[in-house]
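I looked up the pockets in this model. My notes follow, entry by entry.

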Amino acid sequence: MAGPRLELPVLQNWSCHNCGGCCRQHLIEVTEEERQRILKQNWTAQDGVHQPVMQWHSGPPWRKRYRLSHTADGGCVFLDEKGLCRIHAKFGEAAKPLPCRVYPFAFHPSGKSFAVSLRFSCPSVVANKGMSVTQRTSELRRMAEEVIPRGAEKSPPPLLTRTDRVDWPDLLPFVEALDHTFADPTSPFIIKLHRAIIWTTLVGQSSFEKLRGPRIRELIGLLMEAARVEIPRIPEKIDEPSRLGRLYFRTLVAQYARKDTVADLSTGPWGRWRLFRAILKFTKGAGDVPPLQSGFKPVPFASLETPFGSLDAQSEEILTRYFRVKIQGLHFFGSAYYDVPFAEGFHSLALMLPVTLWLARWLAVGEGRNHLTVDDVSKGLAIADHHHGYSPALAQYAARNRVRWLAESNDLSRLCLWYSR
Ligand code: SF4
C-alpha cells in the first residue's frame, strides 16, 4: 500500500479500552466540514445527547471556530454511559472528527519518512495494553494520509543546538544514540537518564558548524563513552537540588498538574484566578499542595521530599518505554515540541521523570503511603504527558528558560536523582 513512509515504535502496544478519559480531557475543535457532517446526523435528546452539540469557542463572528460541547460532568456530549462514542456507535468510526480518530497517535517528520509516537495521557498506552502498534501499519498509513499535510516530507530538520542545524542524515544519529542509551538492559533507568543528560548537555554546548558525516558519529560515540565513564553507578550520596532549582521545578510541576477542561479548575475568570493563587502557593512551596485537579488531595509540600525508595521493575519498564517511544517518535524537539533544538528538547523530556515521580508521590501521600506503586507512577505519567508538548504555558519563554537553567546548573540531574530515591 502506498502512502507516507512510517517509522513505528516496535516496543509499544495499544488498543482503546473505552475508559472515556480522552473524551473528558480534550476539547475537540471541528472543521467546517466536520461541523456540517455532525449537524446532518440530527442528534436529539432521545439519543441522550444534550444541545447544543457544538459551541463557538474562538474566532470573530465571520470566522467562528467550533468545538464539541461538554456536559456539566466534563464529558464530551457524545460520550455515553458505557464510555463509548455515540457518533462511532451510530455512524461508524469514519464519522467522528479527525482528532478523535487519530488520538493517541502523533506523526512527526523524520527526513524522508514520518516517525509515529503515542500520547501517554491514554492509560492503555501507559499500560502497554492491546495490539502491537506494528500490527496497525495499514490503519496508521490511512490515518497519516489524512493528517500529514502535502509536502511535509520536505520539512527542514529541526535545530540540533541553539545555533546549529545539520541535515537529516546527520541529525538522526543523535536520536538513534539517545534511543541506544535507553535500550541498555544492564543499567537502572536513572543511570541511563543521567548519562543521557550529560552527553546531550555536551552536544548543546558544542559547535557543529564544520562537523559532518562520519565525524559526527565519531563525536557521538566519544560523548556517550565520556558519560558512561562519568556515571558508572548511582551515586552513594544524592545531593539536594538548589533552592532556586526547586522553585523553578515547582512552578513547572504546577503547569503539568493543572487541568484545563470544562469540569476542572482553570477555565473561566474565576478558574484562572484560582489557578494563579495555586501557582503562587507552588512558588512558596510551604504548607499544603493545592489540589489542581480532582484526583489530588491537599498534602504537605514537605511530605513529598522524603525518600520513597527506588522504583520497582514494572515502573522502570514503563518509564524506559515512555522515553524510547518519545525518542523514536521524535516527540521531544522540533515541530513536535515548541520548535526547541535537540538538546533542549531532550532536557524537557528528562524533566518528565521528576515531574512524574513528584505527581506520583502526591497521589501516594494522598492515600496515606510514602512508597510508590506502579499505579501511582502510571497515573503521574498520564497526567504529566497530557501537557508535554501541548500546553501553551510550557511553550512560553519563562518556562523554556527555567528548563534551560535547570540543565545548565546541573539541577536537572539532581532533581532526577532526588525524586528517584
Ligand atoms: S483514553 Fe485511551 S483507552 Fe481511554 S477512551 Fe481514550 S483512547 Fe480509549
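I took a pocket to be an open set of points on a 1 Å grid over the protein atoms alone, where a 1.4 Å probe fits and protein lies on both sides within 12 Å along at least five of seven lines; lining residues have an atom within 4 Å of a point. A volume is the space filled by probe spheres set on the points, which are joined across faces, edges and corners.

The model is predicted; local features need pLDDT of at least 70 and side-chain atom pairs pLDDT 80 or more, while totals for chains, interfaces and linings use all residues. Residues are numbered from 1 along each chain as its sequence is written, and side-chain values use heavy atoms, without hydrogens and water.

Second largest pocket: I noted a volume of about 660 Å³. I found 31 lining residues, with S121, P123, K379, A382 and I383 nearest the centre. The elements giving two or more residues are α1, α5, α12 (313-328) and α14 (374-387); helices are DSSP runs of H or I with at least four residues, strands runs of E with at least two, numbered from the N terminus. α14 supplies the largest share, 8 residues. This pocket lies between domain 1 (6-153) and domain 2 (157-421), because both give residues to its lining; the bounds come from an automatic or database domain assignment.

Largest pocket: I noted about 1100 Å³ of space. It has 49 lining residues, and C22, P99, C100, R101 and Y103 lie nearest its centre. α4 gives the most to this lining, 5 residues.
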